[in-house]
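Please look over the sequence and the structure below before reading on. The paragraphs that follow begin with the whole protein and then turn to some of its parts.

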Amino acid sequence: MYPALSPAVLAELRRPRPYPAVSILMPTHRREPDNAQDPVRLRNLVAEAKERVQNDPAVDRAVRIDVLGQLDRALTEVDLVHAEDGLAILAAPGEHQVWSLGRTAPARVVLSDTFLTRNLVAAQIAERPHWVLAVAADRVVLWGGTQERVTEEKAYGFPLVREYDNPDPERQEQIGDTPSTFRDEETKTFLRQADTEIGKVLAADPRPLYVVGDAPALALLDAVGPMAKESSAQLPYGGLAQGGAETVRQVVEPAVRAHADQEISDALAQLDKARGRKAFAAGLDEVWQTVGEGRIALLVVEENFRTTVRDDGDHLVPAEADQPGAREDIVDEVIERALDAGAKVSFVPDGTLSDAGRIAADLRY
């Protein structure tokens, strides 16, 4: 499975594909006994997808064989032992992808000329992605993090490793002219490169940044460029440039949690101001109408808000999942449409928006 989503990855997933682009989505479970049903549901959904591809007169023989093979290969990559809350299998001529999601998704099979991405978009936002930069004088490592894990990132030229070029270090020590590690120009140049490279990462994939390292390393990184100063937090903790993923996660977890709490407070304060200037929408039906008009500046959603509705033409009305026209992932669709229109999206704990129908927005006008 693919470890993490990013805006660039999501943009790639949303581009048009040759028909049929097959999207299989389903809820998964982390623990027993609920996870016992996951393998059965997965087999049934893959079988349904294959049957629809085989019976579609718009799919010629060569494409059909290709896509069925892609589905078979994707199925071998699914890891239900380490499942999260949702699963997406995406297959099209010449490609397949498998994504584990930290947010549930309704069971469905869709054939189209694009992949169904709304559930992936919502999952990416809900996981609160962030960067961790572990800094030492001779090594700088970048980690991509979510609420539950961090994974070393190697797609942006990291880790940066300094190659020492010192022909006679013993002689320098004997005559006393070895400079302090964090005062020599080579170290400054090395960390200046790290500052430049993390700037490129943040430009491509903006996330909160947490910088960790010995206090002298953090001070020098501060001095050579702007990125450390602009980080969400600097944590004086040495050794993490050589550390493991779980150690890194534990060190940054309090700062990540504090940043998330501050984001929630800021979002709720913004909603209060929106109420005061009568630029406030509350409840799914009202928010659905305003997101369709591109008016939302900030969308705030309770973390586990899910509901099934159908669109009667004027309003969204409650529906059962098996009713014609039922939309089980309407909340994720609202989130994706808001992001497409340039809105910011924040998740808040369940019960926070109980007086606003569990979903609310600050409107541009």
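**From the surface to the strands**

The protein exposes about 17,600 Å², of which carbon and sulfur atoms supply 48%, where accessible areas come from the Shrake-Rupley method with a 1.4 Å probe and, for residues, only the protein chains shown count as cover. This is a predicted model, in which local features need pLDDT of at least 70 and side-chain atom pairs count only at pLDDT 80 or more, while totals for chains, interfaces and linings use all residues. Residues are numbered from 1 along each chain as its sequence is written, and side-chain values use heavy atoms, with hydrogens and water left out.

Of the 365 residues in the protein, 45% are buried (buried means under 20% relative accessible area, exposed over 50%, and partly exposed in between, with a 1.4 Å probe and protein chains only).

Which strands pair with E2 in the antiparallel sense? Strand E1 (residues 21-27) does so over 6 bridges, and strand E3 (residues 95-101) over 7 bridges, where two strands pair if DSSP finds at least two bridges between them. Ile 24 stands opposite Ile 89 in E2, whereas the bridge partner of Leu 90 is Gln 97 in E3. E2 and E3 form a hairpin with 2 residues between them, and Gly 94 in the turn has a positive phi of about 85°.

Strand E16, residues 359-363, is also mostly covered, with 5 of its 5 residues buried. Ile 359, Ala 361 and Leu 363 point one way from E16, while Ala 360 and Asp 362 point the other way. E16 pairs in the antiparallel sense with strand E11 (residues 280-282) over 3 bridges, and Ala 281 has Ala 361 as its bridge partner. Strand E12 (residues 296-302) runs antiparallel to E16 and is joined to it by 5 bridges, with Val 301 standing opposite Ile 359.

Notes:
Helix = DSSP H or I, 4+ residues; strand = E, 2+ residues; numbered from the N terminus.
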